[in-house]
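Here are my notes on the side-chain contacts and surface charge. Please read them with the structure open.

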Amino acid sequence: YQRVLEGVAPELAVREVTAGEVEGALSAAAAVAFALESEIPLRAELFVVGADECVLLLTLHHIAGDGWSLVPLSTDLATAYAARVRGEAPQWKPLAVQYADFALWQQGLLGEEGDPESVISRQLDFWKAELAGVPEELNIPTDRRRPAAASHRGASLTFTVPPEVHAGLLALARESGATLYMVAQAAMAALLTRLGAGEDVPIGGVVAGRTDEALDELVGFFVNTVVLRSDTSGDPTFRELLGRVRESDLAAFAHQDVPFERLVDAVGVNRSLARHPLFQVMLVLQNNERARFTFADLNADLHRVDAGVAKFDLFFELIEQAEGGLAGLLEYSCDLFDPETAERICE
C-alpha cells in the first residue's frame with residue numbers, strides 16, 4: 001500500500017574515498033537493502049575522490065522506478081542542480097497526473113475478476129491456456145545443483161554485437177515482419193535448446209506499461225513482466241523459429257495488462273525459494289531514450305555499479321547504440337554458474 005510522507009527527502013550522505021576504494025565502496029553501498037516499511041525508496045550518496053572529482057550514487061528501489069524513469073529523473077536532477085548553482089530553488093512544471101492516478105485508472109481498466117467480460121478475466125483465461133504445461137524449471141546444464149533456497153549472489157560480464165551484425169539482425173526482422181527483440185529471443189531460445197534446456201523454452205520479457213504520453217514524465221514502476229514461450233521442436237530453420245516466436249509474442253503482448261504477481265497465482269505454479277516462477281531466464285532490449293546526466297559546469301560520465309546480485313539464473317540485456325551495434329550484459333547466478341561457463345554462454 002502507499003503511505004504518503006510529508007516533507008521527506010533523501011539525505012545526501014558524503015564520504016571521502018581514495019581512487020582505489022571507489023569501486024568497492026559503490027558496490028557495497030548499492031547492495032544495501034531497503035527497509036520499505038520505514039525507509040523512502042531512494043538513497044543519495046556522494047563519494048568525494050579529490051578536490052575536482054566525485055561520484056554521485058543514486059540507489060532507487062524498483063518498486064518506485066523503472067528504466068524509463070531514469071530519463072525524467074536525470075532531467076529533474078540537472079534542472080535542480082542548475083538552479084542551486086544560481087542560488088535559486090528549482091521551478092517545477094506541474095505534472096499532468098500522479099502515479100496514484102495511474103493505479104486507479106489501471107484498476108478501473110482491468111475490472112473485476114468475477115466479471116467474465118472484464119479485461120482481467122479475459123486476459124487471465126488467455127494466460128491459463130497459454131501457459132498450460134509450461135516447464136516449472138528450465139533445465140539448463142549448470143556447474144552446481146540448484147540450492148533449496150537461492151542466495152541471489154550474482155556476477156556479470158559484458159559483450160558486444162558489432163554494427164554489421166546488428167544491421168543484419170534488423171534487416172532479418174524487417175523481412176520477417178518481426179522486431180529486433182523477437183530475433184534476439186529466437187536466437188536465445190535456439191541457444192538454450194542446444195545447451196540442453198529442452199524444446200519448450202519460457203523466457204521472461206518486460207513491457208513498458210506507459211500507454212499514455214501523460215505518463216512519460218513520471219518516475220514510477222510501470223513495467224510489467226510477461227512470459228514468452230518459444231517452441232523449438234521439430235528442428236525448425238531459424239526463420240521458421242522466428243515465425244513461431246513472432247506469433248506467440250504478438251498474442252502475449254495483446255494480453256500484457258495482467259500484473260505478473262497475479263498471473264503467477266492464477267496459473268497455479270508451485271512456488272519455490274529455489275527459483276523464479278514461470279521462467280528463470282530473462283531477456284531485455286533497451287531501445288528507448290537513455291538518461292543523460294548533464295550538469296552545468298561539470299563533466300559527468302555514467303558508471304555501471306555491480307551490486308553482486310542476480311534476480312534470475314540468467315539475465316540478458318541488450319542496448320542499441322546510437323552509432324550502431326549492441327552493448328550486451330549477462331548477469332548470472334553464482335549459485336549455479338562459474339565465470340568460465342557464463343563466458344562460454346556469451347560467446
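1. Glutamate 136 and arginine 275 form a salt bridge, at 3.1 Å from N to O. The model is predicted. The two residues are 139 apart in the chain: glutamate 136 sits in the loop between α4 (119-130) and β4 (154-161), arginine 275 in the loop between α8 (260-267) and β7. Glutamate 136 is partly exposed, at 35% relative accessibility.

2. A second salt bridge joins aspartate 338 and arginine 144 (2.7 Å, N to O). Aspartate 338 is in the loop between β9 (326-333) and α9, and arginine 144 is in the loop between α4 and β4, so the contact ties together parts 194 residues apart in sequence. Aspartate 338 is partly exposed at 26%. Arginine 144 is also partly exposed, at 33%.

3. Arginine 304 and glutamate 317 pair at 3.8 Å, N to O, in another salt bridge. Arginine 304 lies in the loop between β7 and β8, glutamate 317 in strand β8. Arginine 304 is exposed at 51%, whereas glutamate 317 is buried at 10%. Shared partners join Glu136, Glu137, Arg146, Arg275 and Asp313 into one salt-bridge network. The structure holds 15 salt bridges.

4. There are nine aromatic pairs. Tyrosine 81 and phenylalanine 295 have ring centres 5.5 Å apart and planes at 70°, so they count as edge-to-face. Tyrosine 81 is in helix α2 (residues 70-85), and phenylalanine 295 is 214 residues away, in the loop between β7 (281-286) and β8 (314-320). Phenylalanine 295 is buried at 16%; tyrosine 81 is partly exposed at 28%.

5. Asp143, Glu340, Glu343 and Glu347 make up a negatively charged surface patch. Glutamate 343 belongs to helix α9 (residues 339-346) and is partly exposed at 42%.

Key: Residues numbered from 1 in each chain as written. Predicted model: local features only at pLDDT ≥ 70, side-chain atom pairs only at ≥ 80, totals over all residues. Heavy atoms only, no water. Patch = residues over 30% accessible without salt bridge, like charges linked within 9 Å, V, L, I, M, F, W, Y side chains within 5 Å. Areas by Shrake-Rupley, 256 points an atom, 1.4 Å probe, with all protein chains shown as cover. Salt bridge = Lys/Arg side-chain N within 4 Å of Asp/Glu carboxyl O. Lys, Arg positive; Asp, Glu negative; His and termini not counted. Charge placed at Lys NZ, Arg CZ, Asp CG, Glu CD. Helix = DSSP H or I, 4+ residues; strand = E, 2+ residues; numbered from the N terminus. Buried < 20%, exposed > 50% of the residue type's maximum accessible area, 1.4 Å probe, protein only. Phe/Tyr/Trp six-rings, centres within 6.5 Å; stacked < 30°, edge-to-face > 60°.
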